[in-house]
Amino acid sequence: MSHTYQSGRPKLACEVFADRVIAARASDSGQVLELCSTNELSPGCVVPDLAENNLRERSAVVNALRESLESLGARSRDVVAVVPDAAVRVVLLDFETLPSKREEAEGVVRFRLRKSLPFDVDQAKVSYQAEAASSGVRVVAAVSLNNVVRDYEEAFREAGFSPGVVLPSMLAALGAAPADRPTLVVKVDALTTSISILDHGQLLLFRSLENTRGVAINGEQLAEDIYPSVVFFQDTYNTNIEQIFVAGISDVEEAAPALKAQTGAEVKELVKASQLGLGGGSIPKWRMAGVVGALLSTN
C-alpha cells in the first residue's frame with residue numbers, strides 16, 4: 001500500500017502519539033521533508049483505545065497540534081492526520097468479486113467485517129482499498145468507531161486545520177517501505193507492535209499485537225513476538241522474508257541480530273536520514289515513520 005505522490009495530496013502530516021505530536025511538511029517534489037516539529041504531551045492526555053474517546057485532555061492536544069502545525073509555515077491547512085494503531089482495527093478480507101458500485105461494495109465489506117470486530121460496524125467508519133489478487137479481490141479495511149475518529153478530526157479542526165485524510169500509524173508508515181519483494185515491516189509504539197508483510201506492493205499480512213514493554217522492548221523480545229506471524233506467512237505463501245524494516249525503537253542495530261536469525265533477511269531502519277533532509281532537527285528518525293510514509297513516495 002505504498003503511496004505514489006500526487007500534487008493534490010496534502011503537504012502536511014501530523015501524527016498523534018500517547019506522549020507527543022509530530023508534524024511535518026513535504027517538499028514540492030514529495031521526496032523529502034522540508035520541516036518537522038514536535039510538542040510533548042503530559043501522561044494521560046491521549047489514551048489510544050478502540051472504544052472510548054482517546055483525547056482525555058482535549059485542550060492540551062489541540063494546543064500541541066496548533067503549535068506544531070503552524071510552526072511549519074504551510075500555505076494550505078489540509079493535513080494527513082495519523083492516529084495510533086490501538087485506535088483502529090485493520091482487517092484483510094478476500095473476495096471472489098466485489099460490486100462495481102462503491103456503495104454496494106462497501107455494504108458487502110461491512111457485512112464481512114461484522115464477524116471480525118469487537119464493536120458494531122454500523123457505528124464505525126470504514127475505509128478500504130481493493131486490489132486484484134490471485135484469489136480474486138483482496139480488501140484492506142481500516143475500521144474505527146465514529147466517536148473515536150470524530151475525536152481526532154475535531155481536535156485538528158479546532159487547531160485550525162482540515163484532516164481530509166486520517167490514517168492509522170502503521171498503514172501510514174507503509175508508504176515509506178519499498179516492497180518489491182517479500183518484506184516484513186515492524187512498527188513499535190507505547191502500546192502495540194504492528195506487523196505487516198508485503199510483496200510486490202500488496203499487503204499480505206497485518207497484525208497488531210499488545211506491547212506491554214513499550215518502546216524499550218529489546219531485540220529478543222521483539223523477535224519472539226513476531227515469530228508466529230513470520231511462520232504463518234512462510235507456511236501460507238511458501239516463501240521467505242527477504243528484507244525487514246523496523247520503526248519505533250531507538251536501537252535497530254541491537255534488535256537486528258535476533259530478527260535476522262529468524263529469517264536470514266537484512267534488517268534496516270524504515271526511515272532514512274536522506275528522507276528528512278534538513279527538516280528532521282532533533283526529532284529521532286525512529287519516531288518519524290508515520291509522517292514520512294504519509295507524505296513521501298518510495299518510488
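## A walk through the predicted model

At 28% relative accessibility, Ala 18 counts as partly exposed, where buried means under 20% relative accessible area, exposed over 50% and partly exposed in between, with a 1.4 Å probe and protein chains only. This is a predicted model, in which local features need pLDDT of at least 70 and side-chain atom pairs count only at pLDDT 80 or more, while totals for chains, interfaces and linings use all residues. Residues are numbered from 1 along each chain as its sequence is written, and side-chain values use heavy atoms, with hydrogens and water left out.

Ala 18 sits in the loop between S1 and S2. Strands (E, at least two residues) and helices (H or I, at least four) are DSSP runs numbered from the N terminus. Leaving aside residues up to four places away in sequence, Ala 18 touches Leu 41, Val 46 and Pro 48; contact means heavy atoms within 4.5 Å. Between Ala 18 and Ile 283 there are 265 residues in sequence and 16 Å in space, C-alpha to C-alpha.

Two strands pair if DSSP finds at least two bridges between them. Angles run from 0 to 180 degrees between N-to-C directions, and axes are lines fitted to C-alpha atoms, for helices over the stretch in contact. Strand S2 (residues 20–26) pairs with S3 in the antiparallel sense over seven bridges, and Val 21 has Asn 39 in S3 as its bridge partner.

A further open sheet has three strands in the order S5-S7-S6, with antiparallel pairing. Its edge strands are S5 (89–95) and S6 (124–133), each of which pairs on one side only. S6 and strand S7 (residues 136–145) pair over ten bridges, and Tyr 128 stands opposite Ala 141 in S7.

Helices lie across both sheets. Helix H2 (residues 102–113) lies across S5, S6 and S7, at about 105° to S6.

Next come the aromatic rings. The whole structure has one aromatic pair. Phe 233 and Tyr 237 form this tilted pair, 5.3 Å centre to centre with 35° between the planes. Rings of Phe, Tyr and Trp (its six-membered ring) pair if their centres lie within 6.5 Å; planes under 30 degrees apart count as stacked, over 60 as edge-to-face and the rest as tilted. Because they are four residues apart in helix H5 (residues 219–237), Phe 233 and Tyr 237 are separated by about one helical turn. Phe 233, at 0% relative accessibility, counts as buried, and Tyr 237, at 31%, counts as partly exposed.

Last, the chain as a whole. The protein chain has eight helices and 13 strands. Its C-alpha atoms fill a box of roughly 50 × 45 × 40 Å along the principal axes. Buried residues make up 54% of the 299 residues.
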